[in-house]
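Q: Hi! Could you walk me through this model, starting with how the terms are set?
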Amino acid sequence: MNTLPEILSAAWEFVRTGADVSWVNKFAALGKAYISGVESDINFIPERKGLKEVLQNKIISAKSAAKMIKPRSVVISCGFGSMARPSVFFRALKSIAAQRNPPLRLTWITVSAAGARGRAEGSLEDLAHPHLIDCYITGHVETVKAFVPLVETGKMEWHTLPQGVITQILENQKRKIDFVETVSGLGTFLEDLACGDKNAFVSKVADKLRYRLPFVDTALIVAAKADAEGNLSMKDAATLTEMADAARAAKANGGIVIAIVGKIVDSFEEEKFLLANEVDYIIVDPYAEQIAGIPLNNAWTLFRPQSPSENSYKVKEAYEAMRLVNKVASITSNRNEAGEIIARLAAKTLAENASAQALVNIGVGLPEEVAGIFCEQDIYTSVVFSVEGGALGGVPAPGVFFGTSIYPTGLESSTATFARYRKNLDAAILGFLQIDAEGSVNVSRRGDKNSAASAIGPGGFIDICEAAKLIIFVGLSRVRGKIKINNGRVKILPNGKMKLVPKLDEKTFDGKRALALGKKVFYITDFGLLRLTESGLLLEQVFEGVDVVHDIERVQLIPIQVAKNLKLVEKSVVTGGGFKIKLS
């Protein structure tokens with residue numbers, strides 16, 4: 001047992017059989033290391049004999065592809081977290097970075113998180129080399145820890161934009177338009193940027209924000225396989241992200257498309273993802289990933305679109321196996337008792353306020369557990385869960401697997417998903433870092449706005465909040481807060497920095513704007529449920545055992561109103577015993 005897929009297989013088997021899982025702790029370090037992926041050969045070129053001449057001319061090594069990148073190029077690399085990482089290319093470009101004279105000084109774009117928080121190789125962090133990347137534009141910077149020293153010493157600049165906005169601009173670039181005008185971001189830190197000193201990427205135009213991106217001239221994507229003609233298939237992909245739009249934008253701008261594939265086959269029956277004439281070069285990497293160390297050449301079928309009726313009995317097992325792997329490998333934070341009761345109350349609140357087959361976005365972190373509760377109770381098909389990477393239906397996968405879904409009913413591009421949200425997103429379950437008295441929320445920065453180390457970025461949060469009719473924010477009331485539960489009664493322990501604050505480090509959601517747009521907004525913490533009203537935050541439900549005066553009014557840093565008909569949260573939400581949810 002020496003690969004993450006084998007560890008995951010073993011975890012799945014133990015969950016399925018109900019056996020003791022304590023043994024798997026010894027594999028934690030191994031599993032964590034394998035997240036780095038196999039160190040592929042950057043000089044590898046497969047046997048070309050028998051291939052058509054047109055394809056022979058396209059196939060190059062990762063190192064040769066890296067050498068083709070021209071100085072001052074605008075490169076986009078696609079993927080979502082641990083999915084479809086172009087790891088072999090990152091390693092190849094890293095290997096030649098110091099040799100390039102003059103230095104490349106690239107502009108690099110990613111839509112979503114592309115680093116590994118300094119814990120693993122094979123991510124965008126491999127490119128943390130002075131003057132290799134001069135400007136980085138993305139939705140999320142928290143995972144590229146290795147870039148922080150470069151930003152803080154002036155060797156790199158970075159800019160964060162909403163993920164949905166970036167996908168819109170990529171789509172526009174196919175028509176040679178490098179901007180989009182939208183209401184997404186109004187009332188947030190992005191409007192402050194637009195109205196402040198001149199910003200190259202966001203400005204205010206009448207009652208909208210105009211976002212722009214430099215024209216992409218190099219697109220880097222990962223596909224499952226290529227056929228003898230050079231057409232690409234995504235049959236075994238866990239997500240499609242923005243790959244097709246990025247490729248077509250690069251081609252429209254006179255640039256190149258470099259595709260990494262797991263293998264070459266004579267032909268395939270499935271739909272062609274990109275045609276041969278849309279791809280300039282192909283790197284064959286037998287270890288190219290589907291997700292988190294799982295190679296495309298040995299892909300997990302549970303990430304493919306499938307009928308839920310055919311696989312419902314497997315979903316719980318798969319979800320628990322993934323949760324177990326995250327836990328023993330310490331890849332993501334483990335959920336404590338507070339997280340469990342918050343997730344149950346959020347699941348109940350969603351069920352009471354959403355209709356059958358509602359489209360529901362699930363955010364990263366604690367929101368994942370809300371989808372997990374729907375999975376545990378076998379009602380996950382009563383709504384349509386969605387994540388911004390493009391997976392529809394099924395159950396959003398937790399932890400390092402976040403960004404895809406277990407047995408989704410469909411996959412679409414990130415661009416299509418955000419367009420779907422703008423048209424009709426019924427609800428969103430999202431986390432928070434801070435909440436202020438007006439119900440505004442910060443998720444995009446931890447601390448000093450002048451510190452690169454405190455930056456996180458908005459991800460898809462801003463676009464999702466703009467679109468959703470119902471928003472349920474979930475999180476602890478204190479940083480790393482803890483509680484004790486005794487016989488269904490909750491005792492809040494007085495440790496940790498408060499997260500309900502008079503002033504946000506950065507505003508990523510505007511409570512007043514949300515109310516003006518007619519949105520219904522709830523906040524669920526370890527002391528109960530709050531609703532956003534015209535006069536601020538209103539406490540409508542409290543966990544039994546929580547003293548409103550002692551635990552809330554006297555210690556919270558912002559005013560919280562208490563409903564005249566304040567209700568106790570049902571005991572089953574706290575204990576889990578007899579807890580059932582049903583859509584209204």
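A: Happy to! Helices (H or I, at least four residues) and strands (E, at least two) are DSSP runs, numbered from the N terminus. Residues are numbered from 1 along each chain as its sequence is written, and side-chain values use heavy atoms, with hydrogens and water left out. This is a predicted model, where local features need pLDDT of at least 70 and side-chain atom pairs count only at pLDDT 80 or more, while totals for chains, interfaces and linings use all residues.

Q: Great. Where is P102 placed?
A: P102 is in the loop between α5 (87-97) and β2. A cis peptide bond joins N101 and P102, with omega at about 5°.

Q: And what about R105, where is that found?
A: R105 is also found in the loop between α5 and β2. Its phi is near 50°, a positive value in a residue other than glycine. R105 is partly exposed, with a relative accessible area of 27%; buried means under 20% relative accessible area, exposed over 50%, and partly exposed in between (1.4 Å probe, protein chains only).

Q: What's phi like at A84?
A: Phi of A84 is near 55°, again positive in a residue other than glycine. A84 lies in the loop between β1 (74-77) and α5, and A84 is buried, with a relative accessible area of 7%.

Q: Switching to rings: how many aromatic pairs does a search of the whole structure find?
A: Eight aromatic pairs turn up. Rings of Phe, Tyr and Trp (its six-membered ring) pair if their centres lie within 6.5 Å; planes under 30 degrees apart count as stacked, over 60 as edge-to-face and the rest as tilted.

Q: Why is the pair of Y136 and F147 called edge-to-face?
A: The ring centres of Y136 and F147 are 5.4 Å apart and the planes stand at 90°, so the pair is edge-to-face. Y136 lies in strand β3 (residues 133-138) and F147 in the loop between β3 and α6 (148-152), so the pair ties together parts that are 11 residues apart in sequence. Y136 and F147 are both buried.

Q: What sort of pair do F461 and F473 form?
A: The pair of F461 and F473 is tilted, at 6.0 Å centre to centre with 35° between the planes. F461 lies in helix α14 (residues 461-467) and F473 in strand β23 (residues 468-474), so this pair ties together parts that are 12 residues apart in sequence. Both F461 and F473 are buried, and ring pairs link F461, F473, F509 and Y523 into a cluster.

Q: Nice. How many residues of helix α12 are buried?
A: Nine of the 10 residues of helix α12 (residues 367-376) are buried. Among them are E368, E369, V370, I373 and F374. Just after α12, D378 takes a positive phi of about 55°.

Q: Last topic, the second largest pocket: which residues lie nearest its centre?
A: F189, L193, R445, K449 and E506 lie nearest the centre, out of 25 residues in the lining. On a 1 Å grid over the protein atoms alone, a pocket is an open set of points where a 1.4 Å probe fits, with protein on both sides within 12 Å along at least five of seven lines; lining residues have an atom within 4 Å of a point.
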